[in-house]
Amino acid sequence: MIERELVIVGGGPSGMAAAIAARENGVKDILLLERDQYLGGILNQCVHTGFGLEYFKEVLTGPEYADRFIKKIRGLPDIEISLRSFAVGMTGDKVVTFLKPGRMERVKARAIIMATGCREKTREMVHIAGTRPSGIFSAGFAQKLINIEGLLPGKEVVIVGSGDIGLIMARRFVLEGAKVSGVVEIQGQSRGLVRNIVQCIEDFDIPIYFNHKISRIYGRDRVEALDAVRVDENFNEISGTKFALKCDTILMSVGLIPENELIEMAGVAIDRKTNSPVSEELNKTSVPGIFVCGNSFKVYDIVDSVTRDSLAAGKLAAEYLGRARA
Amino acid sequence: MKEYDVAIVGGGVTGASVARELSRYRLRIAVFEKEEELAFGVSKSNSGIIHSGTQNQPGSLKAKLCVRGNLLMRRISRELGVDFKEVGSLIVAFTEEERLELLKIKKESEALGVPGLRMVDPAWLKKHEPNLSDKAIAALYAPTTGIVSPYRLVYALCENAAGNEVEFHLGSKVKKIISLPAAENIPRFKIFTSKGDFRARYVINAAGLYADEVSKMAGVGGFEITPRKGEEFLLDKKREHLVNHVLYPLPTKISKGILVIKTSDGNPMIGPTAHDVSDKEDLSTSDEGLREVLENVKKMIPTIREDDIIAYFSGLRPVAGHDFIIRHEAVAPGFINVAGIQSPGLTSAPAVALMVRDILKDNGLSLRKKIFFHKYRRKENHLFSIPFEKAGKLIKKDASYGDIVCRCEMVSAKEIRDAIDRGATTLDGIKFRTRAQAGRCHGSFCTARIMKILAEKTDKPLTEITKRGKGSEIVKEERGND
Ligand SMILES: Cc1cc2nc3c(=O)[nH]c(=O)nc-3n(C[C@H](O)[C@H](O)[C@H](O)COP(=O)(O)OP(=O)(O)OC[C@H]3O[C@@H](n4cnc5c(N)ncnc54)[C@H](O)[C@@H]3O)c2cc1C
Ligand SMILES: Cc1cc2nc3c(=O)[nH]c(=O)nc-3n(C[C@H](O)[C@H](O)[C@H](O)COP(=O)(O)OP(=O)(O)OC[C@H]3O[C@@H](n4cnc5c(N)ncnc54)[C@H](O)[C@@H]3O)c2cc1C
């Protein structure tokens, strides 16, 4: 078994910031595991601009923002970056098992920082009555299909929920020549950033239905339509307000969930409601020496805050390892 | 026109079991399935329980075939490398009246030949089923109840049958059957399908929900299939140890009630409802169904929460009266109906197959055993079901086992390619075989990659990759190079 002072799982903005801060605070023997073939995490598919306003005082795209950190981390000694390395197991005494094409490895760490990001809630997690045809995507998955794979998921789209990813994808679909028939949001206002409401929805005259929910999905093989209905303050349907929207595609933008199954395996206490670690202090968990940062600690709105708090996580790990003074 | 000795209509668990059983003999056999893949009918959406045989009407086909099917399933799953787990079941009583009812069920079921039945008390329940409501006063324990993955069972049966020369015609809907008068050396049936016409000496109708229509094609009426919907809800794998047995309430008149089920993939499942519907394609779920299921299972396991649900589906039981219809039809000699195969049709399938074999024999088909019948099937590897050490060894042998495609269920590129080599042509087919896309993120992470692997291996453009056959394409077009 290999031994390392610090193992970081995840090479998105949070993992990279944590690694950089740990190194700068004196940790010398760092292994960073990233399951993808490149660093940058979710930023790689965010080709729109609006990143880095606070941290770099510049307007960058997601990949540009990631690139700055990738250059920096590649320039630092003592950080081994292992790509296509999928952490699949973890124990309370800090042994991480990971798979790479061709090998399975175990590494014993003195400290661990988890920077595994989050996943999108799916249609399955909010019960929506009706059929289960093709054409229902989480917004981030649709984003990946368009921006990375060059595929257009559909031509007549309804977006469920008004999270930032959903809003950004509404504009994206319009720019790709598709029709966006509406955004349906159960709350009285959007959870997304104001600038996204303005630039992605209002500027494109896309109807947005607040206080509405989807009550049924139609279509045997492919989505054909859905029913939307107005709800009262307790989210109960108001009868007589139901109307149908024709569509071949439904995007779900109904929230994100921190990805923490590995530390749960290691016995770290997890809040069952939020799927975040139970924590008294930023980045700390119920197990000393196991830290969590970025979107796997809690869901952040903007990447600059992720970077700020993840730098702090790197320092915390250095303190724990006796390399830096608190 | 191509000729077969036996044509089987329907590639669900019934047709697959019959095909595999008959493939022991020197016969030319074909299976016709209208869907793009096997097991896309009722056999994909059920509870996956190999029932012990309790709760069936004495004297019925269901009663006899269920007990026998449960026994046979063990050998078949061993031969075919299908995971069968004997988890046992509990029918739970909450009142004295229900407890007395259990005693009656016990006696009846023992008469049907269900082995090992035993009444257990609250102390036993507390120890062996700790999450069960403490209001339970007794339960009937049936040790022989088991679980399988229903679609993996069908795929294994068919793979093995294909290895023994059964021909499978997929995407081939039987549209018309003509039965000709008997004449020497000329098969009696002409079968017209969406992919060509065939002749057959015998026709087995195992068409599930459409068995009434297929039967009418051959000029045999007498029954109608009514779909009875069952909505089911899957819970997160984190709740795997919620229950240790399959839990039943007391049965109702039309069903075994709403259960807490262990599944062979680990996710517990709750359901099914049982409501007659009119549309054989209506696989929708409803808010009422969800509420009904939650309310009922909470009586048994109070800690189940709506948040635990990660997926849901519904299935339609093909109901034709109270019992199965399995018989040779004298009005169309050589035509055998295997219809109304509602629950426990999954359990009974191996016994149904033997019964069909005997009916064929009684009606003039000569059964001569092949010298080489391959009874075993090479089991596929699933990383999710083996310990890390073993996974490490596989990865050393073949690097692509270490190339993880589905993060939630830990499915490698190698397993995806194997599934395609074994016949998967759609995303659902890959999901059922490997579990890729079946976990928490429902394919948000891995679908794009799986589409690419499938496109590459089948030499199709990405726009032709489907969820479950034509009409269910995933993407509409490839964007130009802009
Ligand atoms: C669609 C979208 C649009 C956004 N738009 C904006 C915006 O306009 N402006 C802004 O400031 N912010 C925006 N954000 C937010 C910002 O991108 C995120 O907050 C940030 O990327 C989170 O960083 P992270 O490192 O925590 O997670 P991620 O970027 O998700 O990185 C997690 C990394 O961990 C890896 N990983 C996970 N599990 C494992 C494992 N078991 N083994 C190995 N590796 C693993 C993953 O592959 C990934 O690379 C957006 C986010 C999204 C999703
Ligand atoms: C909710 C639910 C839960 C259940 N739980 C259990 C359980 O736990 N245990 C148990 O033992 N049983 C259970 N059952 C019952 C079991 O699922 C069925 O009895 C069994 O799957 C029936 O299999 P089959 O092969 O007869 O039908 P199917 O699987 O439907 O196969 C018939 C096939 O015929 C094809 N077909 C139809 N018409 C044509 C045509 N014209 N040409 C070509 N092909 C055609 C269809 O596409 C289909 O694939 C359950 C059922 C439901 C609905």
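In β8(B), I147(B) is the bridge partner of K85(B). β4(B) and β8(B), the latter covering residues 146–147, run antiparallel and are joined by two bridges. Strands here are DSSP E runs of at least two residues, and helices are H or I runs of at least four, numbered from the N terminus. Two strands count as paired if DSSP finds at least two bridges between them.

The model is predicted: local features need pLDDT of at least 70, side-chain atom pairs count only at pLDDT 80 or more, and totals for chains, interfaces and linings use all residues. Residues are numbered from 1 along each chain as its sequence is written, chains are lettered from A and ligands numbered from 1 in the order written, and side-chain values use heavy atoms, leaving out hydrogens and water.

**Sheet in chain B**
- The strands of chain B in the order β3-β8-β4 form an open sheet of three, with antiparallel pairing.
- β3 (49–50) and β4 (85–86) of chain B are the edge strands; each has a single partner strand, so one side of each has no neighbour in the sheet.

**Interface of chains A and B**
- Contact (heavy atoms within 4.5 Å) links 54 residues of chain A with 55 residues of chain B.
- The two chains bury about 4,700 Å² between them, 52% of it on carbon and sulfur atoms.
- Buried area is the accessible area (1.4 Å probe) lost by two parts on being put together, summed over both.
- H127(A), R132(A) and R272(A) supply 16% of the area that chain A buries against chain B, more than any other three residues.
- The rule finds 12 salt bridges across the interface; each is a side-chain nitrogen of Lys or Arg within 4 Å of a carboxyl oxygen of Asp or Glu.
- The side chains of R84(A) and D403(B) meet in a salt bridge, at 3.5 Å from N to O.

**Strand pairing across the chains**
- β11(A) pairs with β23(B), residues 477–478, in the antiparallel sense over two bridges.
- L152(A) has E477(B) as its bridge partner in β23(B).

**Ligand 1**
- There are 32 residues around ligand 1; S14(A), E34(A), Q143(A), N295(A) and V303(A) come nearest. The cut-off is a residue heavy atom within 4 Å of the molecule.
- An oxygen atom of ligand 1 lies 2.9 Å from a polar backbone atom of I42(A).
- For R35(A), a side-chain N or O atom is 3.1 Å from an oxygen atom of ligand 1.
- For H48(A), a side-chain N or O atom is 3.2 Å from an oxygen atom of ligand 1.

Note on methods: A polar contact is a pair of N or O atoms within 3.5 Å; within protein, one must be able to donate a hydrogen and the other to accept it, and residues adjacent in sequence count only if both atoms are side-chain atoms.
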